[in-house]
Amino acid sequence: MKNLSILFLFILISINTYSQTSEEYFTEGNSKCEIQNYQGAIADYNKSIEIDPKNAYSYSNRANAKSKLQDHKGAIADYNIAIELDPKYANAYYNRGVSKGDLQDYRGAIADFNIVIVISPKDAAAYYNRGLAKLSLNQKDSGCLDFSKAGELGCGEAYDQIKKHCN
């Protein structure tokens, strides 16, 4: 009985002293995003960032969760940090561009999609979304060229935009 009590005490101490790693919080945040628990995901990403403030992916994923909650300004702030930590992080530029577009900052969105295209020239979604932003600025010809390139790269939605805006 005494050995069982000591084992139980050891287990309790172990549970209380176990601390999760940044990666574990990051993974839990990703899991919560998958089930659309964005507030919970943000809390986990906050903990991940607290442990490892130089992890660009934690900032970017927290930004994605904020974006899902329509906090585009908060998302952009996090994407900015992710990009500062990893200037070649194309996905952070792409998502920041989408958030800027959601805030009707089409020029800012185009600038971000331009960077994505430099980093990853075969990113069909960047061409597609740049085309949408250009259409919003009445740059029809240039936007239609982007839709064409997006279609060539495999974005089927681009052809719908071409039929709608470019004929």
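Which residues does aspartate 112 touch, not counting residues up to four places away in sequence? Aspartate 112 touches Tyr93, Arg96, Gly97 and Lys100. Touching here means contact, that is, heavy atoms within 4.5 Å. Aspartate 112 is found in helix α7, which covers residues 106-119. Its relative accessible area is 2%, so aspartate 112 is buried. Buried means under 20% relative accessible area, exposed means over 50%, and partly exposed lies in between (1.4 Å probe, protein chains only).

The model is predicted: local features need pLDDT of at least 70, side-chain atom pairs count only at pLDDT 80 or more, and totals for chains, interfaces and linings use all residues. Residues are numbered from 1 along each chain as its sequence is written, and side-chain values use heavy atoms, with hydrogens and water left out. The predictor's confidence in each residue is its pLDDT, on a scale from 0 to 100. The chain averages a pLDDT of 92. At least 70 is reached by 89% of the residues. Residues 7-17 stay under 50. For this stretch the model has 0 contacts beyond four places in sequence.

The chain holds 10 helices and 0 strands. From the N terminus on, its elements run α-α-α-α-α-α-α-α-α-α. Helices (H or I, at least four residues) and strands (E, at least two) are DSSP runs, numbered from the N terminus. The chain has 167 residues, and 42% of them count as buried. Among contacts with a separation of 6 or more, 41% come from residues 24 or more positions apart. The accessible surface of the chain comes to about 9,900 Å². Carbon and sulfur atoms hold 54% of that surface. Accessible areas come from the Shrake-Rupley method with a 1.4 Å probe; for residues, only the protein chains shown count as cover.

Helix α5 spans residues 72-85 and has 14 residues. From its first C-alpha to its last, helix α5 reaches 20 Å. This is close to the 20 Å expected at 1.5 Å a residue. The expected span is 1.5 Å times one less than the number of residues in the helix. The buried residues of α5 are His72, Gly74, Ala75, Ile76, Asp78, Tyr79, Ala82 and Ile83. They pack against two helices, α4 (56-68) and α6 (90-102).

Salt bridges come next. A salt bridge is a side-chain nitrogen of Lys or Arg within 4 Å of a carboxyl oxygen of Asp or Glu. The structure holds 7 of them. One joins arginine 62 to aspartate 78, with the closest N and O atoms 2.6 Å apart. This pair links distant parts of the chain: arginine 62 is in helix α4, aspartate 78 is in helix α5, and they are 16 residues apart. Both arginine 62 and aspartate 78 are buried. Aspartate 78 also meets lysine 66 in a salt bridge (3.1 Å, N to O). Lysine 66 lies in helix α4 and aspartate 78 in helix α5, so this pair ties together parts that are 12 residues apart in sequence. Aspartate 78 has 3% relative accessibility and counts as buried. Lysine 66, at 16%, counts as buried too.

Another salt bridge is formed by aspartate 146 and lysine 134, the closest N and O atoms being 3.1 Å apart. Aspartate 146 lies in helix α9 and lysine 134 in helix α8 (residues 124-136), so the pair ties together parts that are 12 residues apart in sequence. Aspartate 146 and lysine 134 are both buried.

How many disulfides does a search of the whole structure find? The search finds 1. A disulfide is a pair of cysteine sulfur atoms within 2.5 Å. Here cysteine 144 is joined to cysteine 166, with S to S at 1.9 Å. The link is left-handed, with -95° about the S-S bond. Cysteine 144 lies in helix α9 (residues 140-152) and cysteine 166 in the segment after α10 (157-165), so the pair ties together parts that are 22 residues apart in sequence. Cysteine 144 is buried, at a relative accessible area of 13%. Cysteine 155 is buried as well, at 14%.

Glycine 156 lies in the loop between α9 and α10. At 48% relative accessibility, glycine 156 counts as partly exposed. Glycine 156 and tyrosine 128 are 28 residues apart in sequence. In space, they are 9.9 Å apart, C-alpha to C-alpha.
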